[in-house]
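The following note is intended for a colleague who is meeting this structure for the first time. Its points are numbered so that each may be checked in turn.

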Amino acid sequence: MKLLIREYLSMLKERDELDALIPDLLLSMDIEVIRGPQRGASEYGVDVAGVGPDPEDGERKLLLFTIKPGDIDRKSWNAEGKPQAVRPSLDDIRDVYLQQRVSEEHADLPKKIVLCYGGEMKRNVEERWAGYVDSNSGDGEVEYGEWGGGRLSVLVEEHMLDENLFPESARKQIRKTISLADENEHPPQHFYNLARETLFERDLPTGGDTRAVRKRQRALRLLNLSLNIVFHWSREADNLRPALLCAERAVLTVWDWMRMENLFDCEETHRELVRVFSTYISVVQSFVAKVIPHCQTRDGLSGQGFDRTEYTIRTFEAVGILGMACMAHLYFAEILSKASARSGDSEDESQQSESSELSEEEEPPSPAERLAQEGKAAAHVLANLIENNPSALTPCYDEHAIDISIGLLALVEAGLEGAATEWVERLAGRIPFAYGMLGRHFPIATDSYEDLVAMNVGEAPPKEDLMEMSTLLPVLAHWHAVLEMPGSYQAFADQVGEVFSETNLQMWYPGESTDEHLYRRNAGRKSGVTFSGIELPGDLDSLRSRINRLEEERREYEDLSCIEYGWPVLSLIASRHFRTPVLPVFWQQYVSTEDVASGK
């Protein structure tokens, strides 16, 4: 496990990765963090500061960490013109921070400056480091320490992978997950087991006392560390799908645990949820960056070969992920903004700006604004995918209604109503044509890969059996109302009545027990109400009236914990992950309020 952790540490970058791990480690070592990592320049060389027992001798000290990514070589030691190099940072701590920034309550404590890095110190730097320490610690006022990759891996295993909290069974789960990071045939079940073991099988305390809160923090940070390890190994294997599934499951499992233990009012536990969700955001950001070239190229998602079935399945999975990336960023931006408003802090104070010397005109966007920008950028990538991959117009499973719904929500939320309208119009034309004229390449209700292959080779059951029901068709009808498409809707409704006369149109709504299932399985199979035998009205006004009536009558979604406590994005993640139908309220809210397409 030490080798696994050490290699993981060596891959971490300073910004948002290694400097985010150190506070977790200090917490596990009973060291109080008095200054956490902040975006932008460190405070006179100090990235993290803490007060507590020095692991070298057990004495209580003021520990000042300067954190650097990777290896320490001559360039990173004292590169000309780079104030973030190691030696200038050490000088700043000694000459400025220790002289001007130490509070009175810590003034009498022994001081120790710790050089922290995830890799190794090169031989041509070891003598420079030793000479620097000898020259600057002779007066006894300050000590120096070094936590490199080797030392950090020992500390992480000793203090964070505690046998009581992270037993050998859990270590085996993470090793097995990593060993399968390059395959996609099966879901990462070992990590799923790890997540449930960490939270549901450890008898964690639920009280509000400091000891109970600390135990919960350690468990959640351990889960986040495990997720990050999987994420980095997935990147090394150039296969982000396992990391994405693990991140989705981690977020949903944390919420399910918080729901079961009634921990929504615990601020510390909520902060740990935000940290896990931030890791999920990092994973989807990496996915977006990876698929951009494929979405900008004609048939870019088809791969080296061209298997129509696999191409279509791959396309709609990407549609769901990109749509979810957009929605997650936008919702998370809103969550951070509300949290900042409640705390009375401005968003600019939550994280330092990239440079303290920037003028007001050059001031960078706040964290929430950055998230919103990245979310809208993901929606543009989705629009490119739809434009350049014709497979986005021919869903092969009825459950692709989930991915289409999430994708349309993303396009609308990002202000790309034109792209959403064109996509709905083309889907509404292609699906009846594929079913009525071709007799194949339509969304089958069985969601069976075997049936899909059999249909494409002409050996499947009658098409009426393969599409005896549909949730996608009524969803598309509703989106005509969202996007104000009266002419297209009239043609679509006529085609559905004529071509799909034998198809049972259905739509699912949550029920009283849905919250018990939503974060751990397909809630559509265990709860809620399915309306069947739906007939599409002849005109859009009648459809809009029906949608408004249903939205008023079916208010059970308000009882979902993720809705009640301001995290509706979790419902969308659960839909993509467990294939639960998307809550109709997500698009019905547009119809029951104002006309989205007209920008009102």
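1. Terms and basis. A residue is called buried when its relative accessible area is under 20%, exposed when it is over 50%, and partly exposed in between, with a 1.4 Å probe and protein chains only. Helices (H or I, at least four residues) and strands (E, at least two) are DSSP runs, numbered from the N terminus. The model is a predicted one, in which local features need pLDDT of at least 70 and side-chain atom pairs count only at pLDDT 80 or more, whereas totals for chains, interfaces and linings use all residues. Residues are numbered from 1 along each chain as its sequence is written, and side-chain values use heavy atoms, with hydrogens and water left out.

2. Overall form. The protein chain contains 26 helices and 9 strands. Its radius of gyration, taken over C-alpha atoms, is 27 Å; this agrees with the value near 25 Å that a compact globule of 600 residues would have, the globule rule being 2.2 Å times the number of residues to the power 0.38. Along the principal axes, the C-alpha atoms fill a box of roughly 90 × 50 × 50 Å. Of the 600 residues, 54% count as buried.

3. Helix α25. Arg579 follows α25 and has a positive phi, near 70 degrees.

4. Tyr565 is found in the loop between α24 (561-564) and α25. With a relative accessible area of 35%, Tyr565 is partly exposed. Tyr565 and Arg521 are 44 residues apart in sequence, and their C-alpha atoms are 21 Å apart in space.

5. Helix α19. Residues 472-482 form this helix, which is mostly covered, with 11 of its 11 residues buried. Among them are Leu472, Pro474, Trp479 and Val482, together with His478 and His480. Just after α19, Glu484 takes a positive phi of about 55 degrees.

6. Salt bridges. A salt bridge is counted where a side-chain nitrogen of Lys or Arg lies within 4 Å of a carboxyl oxygen of Asp or Glu. By this rule the count comes to 30. One of them pairs Asp24 with Arg221, with the closest N and O atoms 2.9 Å apart. That pair links distant parts of the chain: Asp24 belongs to helix α2 (residues 14-28) and Arg221 to helix α9 (residues 210-236), 197 residues apart. Both Asp24 and Arg221 are buried.

7. Two further pairs. Arg35 and Glu43 also form a salt bridge, at 2.9 Å from N to O. Arg35 counts as buried because its relative accessibility is 10%, while Glu43, at 23%, counts as partly exposed. In another bridge the side chains of Glu272 and Arg275 meet at 3.3 Å, N to O. These two residues are separated by about one helical turn, because they are 3 residues apart in helix α11 (residues 267-295). Glu272 is buried, with a relative accessible area of 3%, and Arg275 is partly exposed, with 26%. Elsewhere, salt bridges that share partners join Asp54, Asp57, Lys61, Lys112 and Glu143 into one network.

8. Surface patches. Which residues form the negative surface patch? They are Glu464, Asp465, Glu468 and Glu502. Patches are made of residues with over 30% relative accessible area and no salt bridge; like charges are joined within 9 Å, and nonpolar side chains (Val, Leu, Ile, Met, Phe, Trp, Tyr) within 5 Å. Lys and Arg count as positive and Asp and Glu as negative, with His and the chain ends not counted; the place of a charge is NZ of Lys, CZ of Arg, CG of Asp or CD of Glu. Glu464 lies in helix α18 (residues 463-466) and is partly exposed, with a relative accessible area of 36%.

9. The nonpolar patch. Phe433, Met437 and Leu438 form a nonpolar surface patch with about 340 Å² of accessible area together, by the Shrake-Rupley method with a 1.4 Å probe, where for residues only the protein chains shown count as cover. Met437 lies in helix α16 (residues 417-438) and counts as exposed at 65% relative accessibility. The C-alpha atoms of Met437 and Val499 are separated by 9.5 Å, although the two residues are 62 residues apart along the chain.
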